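I opened a notebook page for a structure I had not looked at before. My entries below follow the order in which I looked things up.

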Amino acid sequence: MPKDHGIGASPKRREDVRFLTGNGNYTDDINIHGQAYVHFLRSDVAHGRINKVDTEAAAAMPGVVRVFTGADFEGMGGLPCGWQVTDKHGEVMQEPAHPVLAQGKVRHVGDPIAAVVAETYEQARDAAEAIEVDIEDLPAVVDMKAALQDGAPKVHDDLKNNLCYDWGFVEENKPAVDEAFDKAAHVTTLELVNQRLVANPMEPRVAVGDYNRSTDDSTLYTTSQNPHVIRLLMGAFVLGIPEHKLRVVAPDVGGGFGTKIFHYAEEAFCTYAARQLARPVKWTASRSEAFMSDAHGRDHVTKIELALDADNNFTALRTETYANMGAYLSTFAPSVPTWLHGTLMAGNYKTPLIYVNVKAVFTNTVPVDAYRGAGRPEATYQLERVIDKAARELGVDPIELRRQNFITEFPYATPVAVEYDTGDYNATMDKLLEMIDRDGFEARAEESKKRGKLRGLGVNCYIEACGIAPSNLVGQLGARAGLYESATVRVNATGGITVMTGSHSHGQGHETAFPQVIAEMLGIDESMVEIVHGDTSKVPMGMGTYGSRSLAVGGSAMVRATEKVINKAKKIAAHLLEASEADIELKDGAFSVAGTDKSVAWGDVTLAAYVPHNYPLEDIEPGLEETAFYDPSNFTYPAGAYACEIELDPETGKVTIESFAAADDFGNVVNPMIVSGQVHGGLAQGIGQALLEGAAYDENGQLLTGSYMDYAMPRADDMPFFEVDHSCQTPCTHNPLGVKGCGEAGAIGSPPAVVNAVVDALQRAGKTDVTHIDMPLSPSRVWAVMNG
Amino acid sequence: MYAFDFEKPGSIADAVAALKDEDAQALGGGQTLIPTLKQRLAMPSKLVSLTGISEMQGVCRGDDGAVCVGGATPHAVVAAEAGDYPALAALAAGIGDPAVRNRGTIGGSLANNDPAACYPAAALASAATIVTDHREIAADDYFQGMFTTALDEGEIVTEVRFPVPEKAAYMKFEQPASRFALVGVFVAKFADGVRVAVTGASEEGVFRWTEAEQALSGDFSAAALDGLSVPADGMIGDLHGSGAYRAHLVVVMTKRAVEAAA
């Protein structure tokens with residue numbers, strides 16, 4: 001019988017009450033008395049030299065408080081990059097300056113040139129139109145390979161060229177990998193594009209800066225997944241404000257998907273301007289601004305080669321990827337194509353030799369950084385596509401080829417530097433096959449054919465590294481941050497509990513799931529537990545939410561703090577019960593003496609902690625509040641098998657998803673309903689990438705997809721009813737909850753399933769020369785491929 | 001948006017008078033104009049809302065049998081009330097999403113003449129009459145290219161009269177992002193012949209595919225279109241499809257419209 005509370009139950013999300021009734025408190029809902037509004041004048045050219053920015057007329061416009069330009073930020077820090085990659089020659093990456101407002105040059109459409117602060121938003125916009133900007137157009141670089149050619153225009157004049165780094169992984173393995181290819185019985189090669197995406201959270205970015213003159217304290221309210229990280233980066237590197245004088249609040253946040261991890265110029269500007277003007281300054285992005293200023297995702301161009309022996313065992317894998325950084329290095333951009341991508345190239349397979357080469361390139365486009373999955377979708381896509389192609393070339397069943405090469409013994413050290421602690425890839429594949437009725441496919445295909453349609457079935461596996469991350473390891477890899485998590489469990493006098501977590505919920509359901517864990521540990525009702533997050537003045541230093549890390553790392557910190565609480569509470573209970581601490585048991589919210597009927601309720605113990613009249617003051621302090629910082633010893637490795645069945649209209653090229661099944665192994669599951677919802681969302685984004693989405697630039701660096709008129713967002717009717725299962729559970733071996741993380745899986749695992757299915761349909765229809773189509777598989781693109 | 005004055009007259013005469021001011025602009029449901037204003041791409045001195053004019057609202061049947069739609073009638077009302085012309089009601093029911101259909105009006109759509117809008121195809125294929133505040137314009141004379149019509153400055157579409165064909169259907173292939181028509185084809189079979197109007201495809205806006213009309217007038221079947229094609233020259237080519245793709249879709253959608261109508 002399903003549980004009705006604690007771990008494994010599916011209570012409805014308590015936060016949804018306020019979200020669904022319009023009572024959320026988002027950053028744009030925060031209005032501070034006396035606030036002014038800022039509008040950013042953004043570049044409409046991709047690359048140009050700023051000859052002059054004349055703000056005199058604008059400054060005289062009605063309502064204008066002050067106009068800022070790049071000159072106001074000269075001598076100050078720029079936006080920092082949080083990860084330094086070392087290239088294959090042992091040299092550190094080229095790292096350009098990233099000023100808050102453009103200085104000297106503009107480098108992408110949307111690059112902020114000036115900022116007008118005025119009494120109203122419309123006045124700020126009016127005045128921005130009165131700014132005279134003289135920009136000398138420079139030729140733009142958009143295509144990555146063209147950007148690396150000799151003589152290409154340089155995005156940053158002070159760098160050697162447009163190459164951020166040329167990374168080889170593992171460089172020492174390259175000769176052995178090349179040798180394995182020379183000896184291979186079969187080599188399958190595939191060139192593909194993992195296209196640029198725009199994250200498009202429902203809530204656009206917003207920042208409100210506030211300054212208290214009497215205390216010299218600054219506060220930034222912002223749409224962030226990690227307010228402490230913003231406080232550290234902005235305070236230490238951009239504005240020079242010590243952390244005890246800077247508070248960052250990320251209240252309700254309407255979706256992040258990675259793009260709200262990063263520290264943005266607008267945040268620093270609003271904080272800075274509030275100090276300069278001694279009044280609050282607010283910015284709310286329009287959707288148009290979001291398209292040209294939110295960090296984009298993906299944008300890899302890859303050649304992948306898979307070597308097999310005569311028995312179809314994978315013997316080696318070799319990839320060459322061009323990864324677009326855009327015009328500047330966004331906060332974690334360098335890590336995405338390297339450590340979040342190269343380390344996953346083994347996938348679910350025991351390929352003994354792997355070499356990954358990544359060239360990161362500057363172009364005159366919006367910066368690119370982590371987007372749901374971040375590096376792992378790119379790794380999964382190329383690997384699962386090339387395996388499918390290999391199966392076709394060899395005339396073997398694609399599922400059997402995968403099974404034959406599955407890793408089956410754990411722990412397993414891959415040749416790309418990570419160690420999978422546990423997993424069972426055959427179990428998820430078996431479960432998937434139970435879900436999809438593969439045997440009935442031929443009959444369904446026949447039925448489609450009668451209606452003039454083509455049907456295809458695509459299957460693939462995925463693995464990801466989540467629970468980011470062991471700090472000492474990532475430090476060695478170039479991270480300029482630790483990746484632990486924190487939690488304070490504050491037990492109140494009457495027994496209720498307030499948990500301050502460094503994780504940040506922006507749709508994940510922490511306010512519901514985290515209390516389930518505490519309720520399970522203490523045997524109390526979940527309604528007695530409240531989760532506080534997103535405010536550096538309330539929560540201990542935490543690293544935030546991304547990389548499917550909240551429960552695995554943040555939850556583990558909460559478990560550790562709760563264990564400390566239990567230990568102390570047992571001491572108090574032992575005193576109250578006049579028993580030995582070793583004999584105290586905690587069950588169903590009461591402490592009892594083992595083997596007796598003597599017990600004391602949870603609330604009596606907590607009250608004693610704060611009203612210590614009868615209390616072992618000589619042994620322990622009053623109060624019941626504990627903090628823990630948890631640093632994981634390894635990543636977690638969720639994995640699974642996905643299947644997609646599509647129907648294709650050969651007359652129009654339109655692909656419709658008929659069914660989609662996902663069998664995931666997330667280890668232990670706290671709230672199955674929330675996990676299903678996370679998978680649904682991930683699948684929608686992955687299918688969106690496969691069929692619809694794609695940010696496109698023209699050769700001059702103009703963004704062609706700057707609105708929903710041209711950027712195809714997936715909608716509900718693009719999706720089938722998903723079939724998801726997470727009953728295959730190999731618990732993580734190294735965190736206390738045995739959980740692995742579920743937030744990104746759907747987005748990682750689904751694109752290859754869709755593309756495999758479409759190629760399958762075309763192959764079955766006799767289009768044997770079609771071995772690949774680049775995403776998005778839009779009707780026009782599929783039709784064009786079908787018609788040569 | 002820039003500041004502007006706003007009027008909401010109760011009669012056509014008052015609306016015409018209000019629109020005589022320099023840079024005054026008529027406002028239907030605002031589904032194109034309001035986003036344009038928000039992007040500061042237009043700067044009217046005054047907006048004259050036509051939604052308060054009761055004589056421009058609703059669907060009725062004319063003495064000649066035509067289905068008459070008031071110029072300020074929202075798409076949702078046409079979808080619900082134009083049952084006498086099912087293909088027209090179905091077209092209206094497929095425009096945009098519910099929010100668009102509850103605000104957007106037929107007069108606004110025809111006055112804007114977006115090359116990817118649905119209504120121009122219905123009007124042209126039906127040989128509709130566009131009635132304005134001071135004249136009647138045949139659909140064949142009304143559409144004059146992308147975003148261009150026979151309307152004069154300040155002239156208001158007060159009513160659209162659709163002769164009801166024996167058989168008709170509209171088939172739209174949606175642009176994946178905007179869900180406007182990448183190609184939309186309206187086929188209408190009258191006693192005296194067939195009319196085929198195509199939207200979404202051409203750089204010249206909505207057009208009649210006369211070759212198909214001739215073939216279908218002799219044999220109203222999809223097979224009658226076998227071997228016919230429209231040239232890719234002059235078709236819109238963009239991120240969402242080449243000119244050749246759109247030209248191909250014109251044939252596919254015409255066949256499907258004929259099959260749906262038959």
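Predicted model: local features only at pLDDT ≥ 70, side-chain atom pairs only at ≥ 80, totals over all residues.

Entry on chain B, overall form. I applied the rule to the 262 residues of chain B, and a compact globule would have a radius of gyration near 18 Å; chain B has 18 Å, so the two agree. I then took the box along the principal axes, and the C-alpha atoms of chain B fill roughly 55 × 45 × 30 Å.

Entry on chain B, inside. I counted ten helices and twelve strands in chain B. I found that 51% of the 262 residues of chain B count as buried. For contacts in chain B between residues at least 6 apart in sequence, I noted that 60% join residues at least 24 apart.

Entry on chain B, domains. I looked up the assignment, which gives domain 1 as 1-47 and domain 2 as 167-261. I have 34 Å between the C-alpha centres of domain 1 of chain B and domain 2 of chain B.

Entry on chain A, domains. I read domain 1 as 27-138 + 202-255 + 260-293, domain 2 as 297-469 + 634-786, and domain 3 as 484-630. I have 36 Å between the C-alpha centres of domain 1 of chain A and domain 2 of chain A. To their contact, domain 1 of chain A gives 25 residues and domain 2 of chain A gives 22 residues.

Which helix gives the largest share of the domain 1 side in chain A? I found helix 8 (residues 287-293) of chain A, with five residues. By class, I listed twelve nonpolar, nine polar and four charged residues on the side of domain 1 of chain A that touches domain 2 of chain A.

Note on methods
Residues numbered from 1 in each chain as written. Chains lettered and ligands numbered in written order. Domains from an automatic or database assignment. Contact = placed C-beta atoms within 7 Å. Helix = DSSP H or I, 4+ residues; strand = E, 2+ residues; numbered from the N terminus. Nonpolar A, V, L, I, M, F, W, Y, C, P; charged D, E, K, R; others polar. Rg over C-alpha atoms; globule rule 2.2 N^0.38 Å. Buried ≥ 20, exposed ≤ 12 C-beta atoms within 10 Å, placed from the backbone.
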